[in-house]
Amino acid sequence: MITCPFVGLSVRRKRTNQLCCPIFSQLSWVEGQKPPLKTRSAPGSKFKEDGSGSRKRPLEMSTADKESHKEAASVKAAKHTEELPSGRSESVGHWSQGLKASMQDPDMQVYKDDQVVVIKDKYPKARYHWLVLPWVSIASLKALRKEHCGLLRHMHGVAEQMVQQCPQARSLDFRSGYHAIPSMSHVHLHVISQDFDSSCLKNKKHWNSFTTEYFINSQDVIGMLESRGRVTVREGTGDLLKAPLRCHLCRHQLATIPALKQHLKSHFPS
Ligand code: AMP
Ligand code: ZN
């Protein structure tokens, strides 16, 4: 049961048609919001803040150099297989299919409507990091076609609303975009605050995947799809992950991730 903050009514989540209920649709934005550990909370905010997080944050792989895609290795295995567009038969229990399990998990969902669901990234790389996923199964950017433009625009709109609902919307910058070469299957739009203040951000690949052209703005993807009917990725994009570590704000080059994190504190004093 959830109590409406406006009229004091209690609603039973599963029996409420949230699309028709403005109260519930408001609640559906806030339910389940549990920020990264270092988030400063905004008292009284409708955007539910919980510094400790009642849900245990899953631990990412401990070795700093491990690939981000191995993060999902602990995902609960599903029992059937499905055919991917490439023709490969891939078990949905495989780590790369982890988002499909998470998007169906009510504990992970932050917002949903008839077209998309928003979940919190399981290994957030910043204070706020969400993933917007369509219900319809689209394996990757490569599978997108012109007819998906409307869906991508909707995903973009939902991303903007997520940012607006965030208590730190005024003090933090956000970007919404796609990894050019994603590690996880099922198209997902990252919505991420630009503080990169997170213990889950551990290595150069993590950093460069969000701060180089490896990260393609949502609007650029939509523009590409509208004009060319396909999303293409420049040759050599994968090499961007090996680029030197540079601050995304002042372009200062840092030798190591700890040095970079120390440097970021000068931009984001706590
Ligand atoms: P990408 O490189 O665009 O495929 O990014 C995948 C994102 O999914 C990363 O930011 C991961 O932290 C996140 N992630 C990995 N496994 C899961 C999971 N099971 N549930 C939610 N998020 C996940
Ligand atoms: Zn800097």
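Student: Are Asp 195 and Arg 127 buried or exposed?

Tutor: Good place to begin, and keep in mind that we are looking at a predicted model. Asp 195 is buried, and Arg 127 is buried too.

Student: What joins Asp 195 to Arg 127?

Tutor: The general idea comes first. Side chains of opposite charge can pair when their charged atoms come close. Here, Asp 195 and Arg 127 form a salt bridge, with 3.7 Å between the closest N and O atoms. This pair connects distant parts of the chain, 68 residues apart. Asp 195 sits in the loop between β9 (189-193) and α4 (204-211), while Arg 127 sits in the loop between β6 (116-120) and β7 (129-134).

Student: How many salt bridges does the whole structure have?

Tutor: A search finds 5 of them. One joins Glu 213 to Arg 234, at 2.8 Å from N to O. Glu 213 is in the loop between α4 and β10 (215-217) and Arg 234 in the loop between α5 (218-228) and β11 (245-246), so this bridge ties together parts 21 residues apart in sequence. Glu 213 is exposed, at 54% relative accessible area, and Arg 234 is exposed at 64%. Another bridge links Lys 242 with Asp 239, at 3.5 Å from N to O. Lys 242 is exposed, with 60% relative accessible area, whereas Asp 239, at 47%, counts as partly exposed.

Student: Let's turn to strands. Which way do the residues of β9 point?

Tutor: In a regular strand the side chains alternate between the two faces of the sheet. In β9, Leu 189, Val 191 and Ser 193 point one way, and His 190 and Ile 192 point the other way. As for burial, 5 of the 5 residues of β9 are buried.

Student: Which strands pair with β9?

Tutor: β7 pairs with β9 in the antiparallel sense, over 4 bridges; on that side, Leu 131 has His 190 as its bridge partner. Strand β8 (residues 174-179) also runs antiparallel to β9, joined by 4 bridges, and Arg 175 stands opposite Ile 192.

Student: What coordinates the zinc ion (ligand 2)?

Tutor: Look for the donor atoms: SG of Cys 247, SG of Cys 250, NE2 of His 263 and NE2 of His 267, at 2.0 to 2.3 Å. In sequence, these donor residues follow the spacing C-x2-C-x12-H-x3-H. Cys 247 is buried, with a relative accessible area of 0%, whereas Cys 250 is partly exposed at 39%.

Student: Why is the arrangement around the zinc ion (ligand 2) called tetrahedral?

Tutor: Ideal angles at a metal are 109.5 degrees for four tetrahedral donors. Around the zinc ion (ligand 2), the 4 donor atoms subtend angles of 103 to 123 degrees, which makes the arrangement tetrahedral.

Student: Finally, which residues have the most contacts inside the largest nonpolar core?

Tutor: In soluble globular proteins, nonpolar side chains tend to be buried together. The largest nonpolar core here has 33 residues, and Trp 130, Val 132 and Met 155 have the most contacts inside it. Elements giving two or more residues to this core include β7, β8 and β9, but the largest share, 8 residues, comes from α3. Val 132 touches, among others, Val 117, Met 155, Val 158, Leu 189 and Val 191. Another core, of 13 residues, lies apart from the largest one; Leu 201, Trp 207, Phe 215 and Leu 254 are among its residues.

How values were computed
Residues are numbered from 1 along each chain as its sequence is written. Chains are lettered from A and ligands numbered from 1 in the order in which they are written. This is a predicted model: local features need pLDDT of at least 70, side-chain atom pairs count only at pLDDT 80 or more; totals for chains, interfaces and linings use all residues. Side-chain values use heavy atoms; hydrogens and water are left out. A salt bridge is a side-chain nitrogen of Lys or Arg within 4 Å of a carboxyl oxygen of Asp or Glu. Buried means under 20% relative accessible area, exposed over 50%, partly exposed in between (1.4 Å probe, protein chains only). Two strands pair if DSSP finds at least two bridges between them. Donors are N, O and S atoms within 2.8 Å of the metal (3.2 Å for Na, K and Ca); water is not among the atoms, so sites may look incomplete. Four donors count as tetrahedral if all angles lie between 85 and 135 degrees; four count as square planar and six as octahedral if opposite donors are over 155 degrees apart and all others between 65 and 115; anything else is irregular. A nonpolar core is a set of buried Ala, Val, Leu, Ile, Met, Phe, Trp, Tyr and Cys residues joined through side-chain atoms within 4.5 Å. Contact means heavy atoms within 4.5 Å. Lists of a residue's contacts leave out its neighbours within four places in sequence.
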